[in-house]
Amino acid sequence: MGMFVRAFAYMLSHGADGLRQAAEDAVLNANYVRAGLKDLMSEPFGDRPCMHEVLFDESWLKATGLTALDFAKAMIDEGFHPMTVYFPLVAHGAMLIEPTESESKASLDLFIATLRDLALAALRGETERFDGVPRHAPRRRLDETRAARNPALKWTKPSA
């Protein structure tokens with residue numbers, strides 16, 4: 001219920017004109033990110049405008065031996081929340097980026113520049129940059145196989 005209340009409050013606070021502007025800004029921001037990365041990253045459904053989120057896939061990483069997950073984890077060390085990976089399921093190795101309507105051009109430019117730097121490093125074969133990432137986050141990379149086989153279903157205080 002809380003999700004509906006927040007969404008409704010957001011709509012009411014913006015009004016009809018403001019809500020339309022927010023939606024248009026979200027679409028503009030997603031297409032701006034797409035335009036800034038499309039020469040390096042692959043678009044699974046071709047070069048066409050997107051709506052409020054841009055979808056890339058990991059096929060451009062194939063020759064590097066890296067995956068969408070490696071790329072996403074490297075973003076954490078660069079100070080960015082990683083994109084949604086492996087969803088939607090219609091794109092193998094999906095890399096879904098959804099910039100919000102409130103992002104400034106400066107923040108989008110920094111985001112694009114950071115992703116371009118990571119992409120170029122991957123394409124140059126600098127795979128050591130992606131080994132064991134994230135290195136600077138409070139939690140390191142999880143062993144996903146172990147986590148799936150032995151899920152921690154009860155919270156325990158971390159050891160010091």
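**Walking through the chain**

Let me start at one glycine: Gly 79 follows H2, and its phi is positive, near 90°. A word on names: helices (H or I, at least four residues) and strands (E, at least two) are DSSP runs, numbered from the N terminus.

Now the ground rules. This is a predicted model, where local features need pLDDT of at least 70 and side-chain atom pairs count only at pLDDT 80 or more, while totals for chains, interfaces and linings use all residues. Residues are numbered from 1 along each chain as its sequence is written, and side-chain values use heavy atoms, with hydrogens and water left out.

The overall picture next. The chain has four helices and three strands. Read from the N terminus, the order is α-β-α-β-β-α-α. The C-alpha trace spans about 50 × 45 × 30 Å along its principal axes. There are 160 residues, and 34% of them count as buried. Buried here means under 20% relative accessible area, exposed means over 50%, and partly exposed is in between, with a 1.4 Å probe and protein chains only. Then contacts, meaning heavy atoms within 4.5 Å. Of the contacts with a separation of 6 or more, 57% are between residues 24 or more positions apart.

Back to H2. How many of its ten residues are buried? Eight are, and H2 is mostly covered. The buried residues are Ala 68, Leu 69, Asp 70, Phe 71, Ala 72, Ala 74, Met 75 and Asp 77. Their cover includes E2, E3, H3 and helix H4, residues 144–149.

Take H3 from that list. Two packed helices are described by the angle between their axes and the distance between the axes. The axes of H2 (residues 68–77) and H3 (residues 105–123) come within 11 Å and cross at roughly 130°. Those axes are lines fitted to C-alpha atoms, for helices over the stretch in contact, and angles run from 0 to 180 degrees between N-to-C directions. H2 and H3 are therefore oblique to each other. The cut-offs: under 35 degrees is roughly parallel, over 145 roughly antiparallel, 65 to 115 roughly perpendicular, and the rest oblique. The crossing of H2 past H3 is right-handed.

Who touches whom? H2 brings Phe 71, Ala 74 and Met 75, and H3 brings Phe 111, Leu 115, Leu 118 and Ala 119. By class, that contact of H2 with H3 has seven nonpolar, no polar and no charged residues. For the classes, Ala, Val, Leu, Ile, Met, Phe, Trp, Tyr, Cys and Pro count as nonpolar, Asp, Glu, Lys and Arg as charged, and the others, Gly among them, as polar.

H3 has another partner. H1 and H3 pack at an angle of about 30°, with axes 10 Å apart. H1 also passes H3 in a right-handed crossing. From H1 come Asn 29, Tyr 32, Val 33, Gly 36 and Leu 37; they meet Lys 105, Leu 108, Asp 109, Phe 111, Ile 112, Leu 115 and Arg 116 in H3. This contact of H1 with H3 has seven nonpolar, two polar and three charged residues.

Stay on H1, residues 2–37, for Arg 34. Is Arg 34 buried or exposed? Arg 34 counts as buried, because its relative accessibility is 9%. Leaving out residues up to four places away in sequence, Arg 34 touches Glu 43, Asp 47, Arg 48, Pro 49, Cys 50, Val 54 and Phe 56.

On to the sheet. It is open, with three strands in the order E1-E3-E2 and antiparallel pairing. E1 (54–56) and E2 (84–85) are at the edges with a single partner strand each, so one side of each has no neighbour in the sheet. Two strands pair if DSSP finds at least two bridges between them. E2 and E3 (residues 95–97) pair over two bridges. Val 85 has Met 95 of E3 as its bridge partner.

Most residues other than glycine have a negative phi, and most peptide bonds are trans. Tyr 86 is not a glycine, yet its phi is positive, about 65°. Tyr 86 lies in the loop between E2 and E3, and counts as partly exposed at 35% relative accessibility. Pro 88 is in the loop between E2 and E3. The bond joining Phe 87 and Pro 88 is cis, with omega about 10°. The peptide bond from Val 133 to Pro 134 is also cis, omega near 5°. Pro 134 is in the loop between H3 and H4.

Key. A crossing is left-handed if the near helix is turned anticlockwise from the far one by less than a right angle, and right-handed if clockwise.
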